[in-house]
Each structure stands twice: as structure tokens, then as C-alpha cells.
Amino acid sequence: MGKLRSLFKRRRKSKPSATSSGAKSESPPLESMYVDTTAEQMDELERVFRKFDSNGDGKISSSELRVIFESLGQPLAEEELLRMMGEADADGDGFVSLKEFIDLNTKMVDPSTALEDLRQAFSVFDRDHNGVISAEELAGVMHDLGEGVSLAQCRKMIDGVDQDGDGLVNFEEFKVMMSKSFLAPDITRID
């Protein structure tokens, strides 16, 4: 999924600091570190993290990342997989922790990069490439992600963002929806 892929494209501004002895300093609880992030946004990021962390060990491995993309029909080249992991793995342990995942997705992102990420995400949902996402397409992607949602639930989701009343989600509607739910900078005004 392009949006999932974009979760690993974002550039961090800095690496976590270490104490003078070389050990990592103790981190405050996640909730207190992200003052501009709502509880709902934190819950969503944690839910996405748990989807990636398929074995439940509290970290995302490169093999888990590969599997989720393959399940969506978006296989990753080894080089791209390594790049994504390298960008996300701030402490260099070979895994992405929840904190690293949240850091990656709450830092400011260049609006043009965010727009391209959304275009990629949209193309994954728009399976027939006709420029709109139907309830059937949404249900298919959700199923591929292991989400147990019905077609009726997908129609209801679409109704919540369908501004022109056609029962479909076009790219402009998708931009609005994603900018609200995934902490993106204000990309709704970019063309």
C-alpha cells in the first residue's frame, strides 16, 4: 500500500541522543513525547504498528515489512526494503520499535513528498485505476490487510468522505481523509 510505503519514506530530523556513557537515555512515556498528536492519532499509529508487527514482539522486522507489502501486491526490492528499514531504525538495532515508528510518522514532512505518498497510496486502493475508489476496492484492500470489514462497512466509510455524493472516493476526497487521519501536513491545498 502506497500509504504504508510512505510510512517508511519520511525523513527524520535527528537521531536519538545517547548519554555520555554511550547508553541510551531513558525515554518518557510515549503520550508525553507527542504533545501535538491527539490520542486518536496515537491510537491509529499504534494500530498500524501492530499490523506490521505480525508476531507481536514489539518491533517490526524487515521480513514483517516485506510480508505486508507482498500481501498488498506491492513487493519490495531488497534495496528499497533496506532503505526503508534504515530510515526508520533510528537506534540501528535492525528493527523498528513503536517509538521509532511514531517518530517517523509525526515529524514534519515536505508537502510535495506527502502528496506523492498519497498518490501512491491512492493507486493501491484504486485497483482498477479508474481514478476513484469503490467500496469493493476498499473492502479488497482491507481484507488483504487482515481487517475483517464488510462491504456495508466499507460503503459507510466511503459515505463519510464522499463529498460529491457519487458513492466513490476520488483523489481530492482521499487527500482530505488522509490528511485528517495520518498526521500529514496540510496537503489539501496542493495540486
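Which residues of α4 are buried?

**View 1. The buried residues of helix α4.** In α4, the buried residues are Glu64, Leu65, Ile68 and Phe69. Looking down the axis of α4, these buried residues fall within an arc of 130°, so they line one face of the helix. Buried stands for under 20% relative accessible area, exposed for over 50%, and partly exposed for values in between (1.4 Å probe, protein chains only). The arc is taken over the directions from the helix axis to the C-beta atoms. Glycine 73 follows α4 and has a positive phi, near 75°. The model is predicted: local features need pLDDT of at least 70, side-chain atom pairs count only at pLDDT 80 or more, and totals for chains, interfaces and linings use all residues. Residues are numbered from 1 along each chain as its sequence is written, and side-chain values use heavy atoms, with hydrogens and water left out.

**View 2. The whole chain.** The protein has 10 helices and four strands, in the order α-α-α-β-α-α-β-α-α-β-α-α-β-α along the sequence. Helices (H or I, at least four residues) and strands (E, at least two) are DSSP runs, numbered from the N terminus. Of the 191 residues in the protein, 42% are buried. The accessible surface comes to about 10,100 Å², and 52% of it belongs to carbon and sulfur atoms; accessible areas come from the Shrake-Rupley method with a 1.4 Å probe, and for residues only the protein chains shown count as cover. Contact means heavy atoms within 4.5 Å. Among contacts between residues at least 6 apart in sequence, 62% join residues at least 24 apart.

**View 3. The annotated EF-hand segments.** An unreviewed UniProt entry places the feature "domain: EF-hand" at residues 40-75, 76-111, 113-148 and 149-184. UniProt positions follow the numbering used here, feature names are shortened, and annotations may be inferred rather than shown by experiment. Over residues 40-75 the chain is 64% helix and 6% strand, with the end C-alpha atoms 30 Å apart. Over residues 113-148 the chain is 64% helix and 6% strand, with the end C-alpha atoms 31 Å apart.

View 4. The 14 residues of α3 should span 20 Å at 1.5 Å a residue, and its end C-alpha atoms are 20 Å apart, which agrees. The expected span is 1.5 Å times one less than the number of residues in the helix. Gln41, Met42, Leu45, Glu46, Val48, Phe49 and Phe52 are the buried residues of α3. Seen down the helix axis, the buried residues of α3 fall within an arc of 160°, so they line one face. An α-helix has 3.6 residues a turn, so residues three or four places apart point the same way. Ala39, Glu40, Asp43 and Arg50 are exposed on the other side of α3. Leucine 45, in helix α3, counts as buried at 2% relative accessibility. Leucine 45 and phenylalanine 101 are 56 residues apart in sequence, and their C-alpha atoms are 8.0 Å apart in space.

**View 5. The largest nonpolar core.** A nonpolar core is a set of buried Ala, Val, Leu, Ile, Met, Phe, Trp, Tyr and Cys residues joined through side-chain atoms within 4.5 Å. The largest one has 38 residues, and those with the most contacts inside it are Ile60, Leu65, Phe101, Ile133, Leu138 and Phe174. Two or more residues of this core come from each of α3 (39-52), α4 (62-71), α5 (78-88), α6 (98-106), α7 (111-125), α8, α9 (151-161) and α10 (171-181).

View 6. The buried residues are Ala135, Glu137, Leu138, Ala139, Gly140, Val141 and Met142. Glycine 146 follows α8 and has a positive phi, near 85°. Serine 134 is in the loop between β3 (132-133) and α8, and counts as buried at 14% relative accessibility. Apart from neighbours within four places in sequence, serine 134 is in contact with Ile158 and Leu168.

View 7. Histidine 129 is in the loop between α7 and β3, and is exposed, with a relative accessible area of 61%. Its phi is positive, near 55°, in a residue other than glycine. Valine 96 is in strand β2 (residues 96-97), and is buried, with a relative accessible area of 0%.
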